Structure formats: structure tokens, C-alpha cells
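This report covers selected features of one model. The sequence and structure come first, followed by notes on each topic.

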Amino acid sequence: MKDHIRILIIDDHPLFREGLKSIIERNKRFELVGEAGSGKEGLRMARELKPDLVLVDISLPDINGIQLTRDLTAASHPVRILIVSMHAKIDYIAEAFQAGAIGYIAKDSASDRLIQGIETAMRGDYYLDSAISHQVVEKLIQFPVKEAKITDTEYGSLTPREQEVMRLLAEGSTPKDIGDRLCISPKTVENHRANIMKKLNVHSTMELVRYAARLGLIDVDLWKE
């Protein structure tokens, strides 16, 4: 992950942008390179400033944030897109990921979720805000898992601790939450997570969730709207 992360904000609410700016400016590893109040302005700034990551709202006055995500991912400069939205409906979230977003955070989430989302996205992994992740599990498991065979044999190759960590990750717990619960460090949780994904041949948190759901390790019925 890069030591210095350049961030662009695209959101039409000035007060909310101020809140995001405050969070970003408190972290020495983050640099705010610009902010835009509309999709067209944000797209122009992204092409000009070439940020590492863009925070995008779905409800913009000119371009829908999901379409903007498609436009940003189609640009020649590679950029990671993290949706920060008040919308938590399954269809919005699934469509955002399909459009090219690498993460989705609810606007009413705590600031540490935003920081975690940025850091996760910059590692190249998908991020689902744990405040809403349970709501999208059903939608996610409708899509086939690529390059991963769902078998008890693969799951059986995990150690008991790895199986425990996998289930908690699939339920939407953060590495810190898991560490506190299991009395281990977040770094140890991340190491377990890397080993789990290697053994199961999955490449993102979304695939891990689908894997766990198809094995019946998480109770999808509890998360239906």
C-alpha cells in the first residue's frame, strides 16, 4: 500500500465535504488534492489531478454517482473509488460494485470506518461497511464465485482459528473487532485473513462472504430486509 494517498472528494453537500476533509486532514498519510460539488466537475478534476482514490456520493445534481463511477473507471488513469452514501439499499450497493467501486460506506458511519475503507481500498481489496454489509450478502451470493470451488475439503484445510476468523470476517466484523473478541492483535487477524484467502483461492472480501454463505457458515435469512 502506498505511504502517501492522494484523495479527491465528489459530494454536493458542503457541510458533509467539510466533515470528510477534517477526517482526511487529520491523517498524515492522506492528502486532499481537491473537492467537487458535481459529477462533471469531479470527473474533470480526477482527469487533471490524477488522485489515488476518489470518494463519491451517489446522489449528485448532474451525474448519478454510479454512472460517474463507470466514467472514472473508464479513464486512462487508474483510480480506486469508494462510495460514501446515505443510500444503503441492496440494489444501490450491488450496482456500485458492478460499476467499478472498490468500497461502500454509509454516511452515518464513524470516522474510523472511512479510514479503514480507504486503507482497505488502497490495498486493492473490496471494503463493505460492517454497518450495511449484512444487508448485501443475499445480493452478493447471487453472483458466481470466480476461480473458487466451494468445497468442504478446502474449508477443512483451514485451522480451527482460521475457520473462526473466516466466519467473523464474513459476518462483517472488522480486524479490530475480531482481535478484541479473540484476544489477538489486528495484525494477526490480517495474517489469518491472508492465509484463509490463499487456501480457499478467493481474492476479495466479497468472494469470501459468498463462499461462507454457500457453505452455510453465515445465516443469510437473518439479514433479509
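## Surroundings of Ser204

Apart from neighbours within four places in sequence, Ser204 is in contact with Asp125, Tyr126 and Met197. The model is a predicted one. Ser204 belongs to the loop that lies between helix H10 (186-200) and helix H11 (205-214).

Ser204 has a relative accessibility of 4% and therefore counts as buried, the cut-off being under 20%. A polar atom of the Ser204 side chain lies 3.2 Å from the backbone nitrogen of Glu207.

## Packing of H8 and H10

Helix H8 (residues 160-170) packs with H10 at an angle of about 95°, and their axes are 9 Å apart. Angles of 65 to 115 degrees count as roughly perpendicular, so H8 and H10 are roughly perpendicular to each other.

On the H8 side, the contact is made by Arg161, Glu162, Val165, Met166 and Leu169. These meet Val189, His192, Arg193, Asn195, Ile196, Lys199 and Leu200 in H10. By type, the residues of this contact between H8 and H10 are six nonpolar, two polar and four charged.

## The sheet

Six strands form an open sheet in the order S2-S1-S3-S4-S5-S6, and the pairing is parallel. Strand S2 (30-36) and strand S6 (127-128) are the edge strands, each pairing on one side only. Helix H1 (residues 14-25) packs on the sheet and touches S1, S2, strand S3 (53-56) and strand S4 (80-85). The direction of H1 makes about 165° with that of S2.

Strand S1 (residues 5-10) pairs with S2 in the parallel sense over six bridges. Within this pairing, Leu32 in S2 is the bridge partner of Ile7. S1 also pairs with S3, in the parallel sense and over four bridges. Here Ile9 stands opposite Leu55 in S3.

## Strand S3 and its side chains

S3 pairs with S4 in the parallel sense over four bridges. The bridge partner of Val56 in S4 is Ile83.

Which residues of S3 point one way, and which the other way? Leu53 and Leu55 point one way, while Val54 and Val56 point the other way. In a regular strand, side chains alternate between the two faces of the sheet. All four of the named S3 residues, Leu53, Val54, Leu55 and Val56, are buried.

Note on methods:
Residues numbered from 1 in each chain as written. Predicted model: local features only at pLDDT ≥ 70, side-chain atom pairs only at ≥ 80, totals over all residues. Heavy atoms only, no water. Pairing = 2+ DSSP bridges. Helix = DSSP H or I, 4+ residues; strand = E, 2+ residues; numbered from the N terminus. Contact = heavy atoms within 4.5 Å. Axes fitted to C-alpha atoms, helices over the stretch in contact; angles between N-to-C directions. Buried < 20%, exposed > 50% of the residue type's maximum accessible area, 1.4 Å probe, protein only. Polar contact = N/O pair within 3.5 Å; in protein donor to acceptor, adjacent residues only side chain to side chain. Parallel < 35°, antiparallel > 145°, perpendicular 65-115°, else oblique. Nonpolar A, V, L, I, M, F, W, Y, C, P; charged D, E, K, R; others polar.
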